[in-house]
Amino acid sequence: MFVLVLLLGCQNACQNLCQTMAERANECGLSVSQDELESCITKNEEPTEERAAQCGDADDPERLAEWWTCDEVAENYANGAS
């Protein structure tokens with residue numbers, strides 16, 4: 001599932017965060033479809049400088065696991081994560 005992301009070569013912090021969030025969801029036993037992941041990556045092709053900085057700050061798998069419980073991750077994806 002995540003192989004395509006590696007092939008796409010995520011190039012900014014927000015696109016990388018899409019991948020990290022999908023991995024967190026997987027850790028929680030949730031399934032993130034390839035379409036959902038690609039949608040997130042596409043939506044984040046040109047983030048503002050401020051948004052890119054926020055994404056960069058959040059893109060740490062260990063901190064993300066502390067900040068986002070599995071219930072919060074599930075709710076995020078149920079609400080159309082981006």
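**Figure 1. Cys14 in the predicted model, a buried residue at 2% relative accessibility.** The model is predicted. Cys14 counts as buried because its relative accessibility of 2% falls under the 20% limit. Its disulfide partner is Cys55, and the two sulfur atoms lie 2.1 Å apart.

**Figure 2. The disulfide of Cys18 and Cys40.** The sulfur atoms of Cys18 and Cys40 are 2.0 Å apart. This pair also connects distant parts of the chain: Cys18 belongs to helix α2 and Cys40 to helix α3 (residues 34-43), at a separation of 22 residues. A value of -80° about the S-S bond makes the link of Cys18 and Cys40 left-handed. Cys18 and Cys40 are both buried.

**Figure 3. The disulfide of Cys28 and Cys70.** In this view the sulfur atoms of Cys28 and Cys70 are separated by 2.2 Å. Cys28 lies in the loop between α2 and α3, while Cys70 is in helix α6 (residues 70-78); the two cysteines are 42 residues apart, and the pair links distant parts of the chain. The torsion about the S-S bond of Cys28 and Cys70 is about -80°, so this disulfide is left-handed. Cys28 has a relative accessible area of 18% and is therefore buried, because the limit for that class is under 20%. Cys70, at 32% relative accessibility, counts as partly exposed, a class that runs between the 20% and 50% limits.

**Figure 4. The disulfide pattern of the whole protein.** A search of the whole structure identifies 3 disulfides.

**Figure 5. The largest nonpolar core, comprising 15 residues.** Val32, Leu37 and Tyr77 are the residues with the most contacts inside this core. Helices α2, α3, α4 and α6 each supply at least two of the core residues. The greatest contribution comes from α2, which provides 6 residues.

**Figure 6. The helical fold, with 6 helices and 0 strands.** Along the sequence the elements follow the pattern α-α-α-α-α-α. Of the contacts in the protein with a separation of 6 or more, 77% are accounted for by residues 24 or more positions apart. Buried residues make up 30% of the 82 residues in the protein. The accessible surface of the protein comes to about 5200 Å², and carbon and sulfur atoms account for 47% of that area.

Conventions:
Residues are numbered from 1 along each chain as its sequence is written. This is a predicted model: local features need pLDDT of at least 70, side-chain atom pairs count only at pLDDT 80 or more; totals for chains, interfaces and linings use all residues. Side-chain values use heavy atoms; hydrogens and water are left out. Helices (H or I, at least four residues) and strands (E, at least two) are DSSP runs, numbered from the N terminus. Buried means under 20% relative accessible area, exposed over 50%, partly exposed in between (1.4 Å probe, protein chains only). Contact means heavy atoms within 4.5 Å. Accessible areas come from the Shrake-Rupley method with a 1.4 Å probe; for residues, only the protein chains shown count as cover. A disulfide is a pair of cysteine sulfur atoms within 2.5 Å. A nonpolar core is a set of buried Ala, Val, Leu, Ile, Met, Phe, Trp, Tyr and Cys residues joined through side-chain atoms within 4.5 Å.
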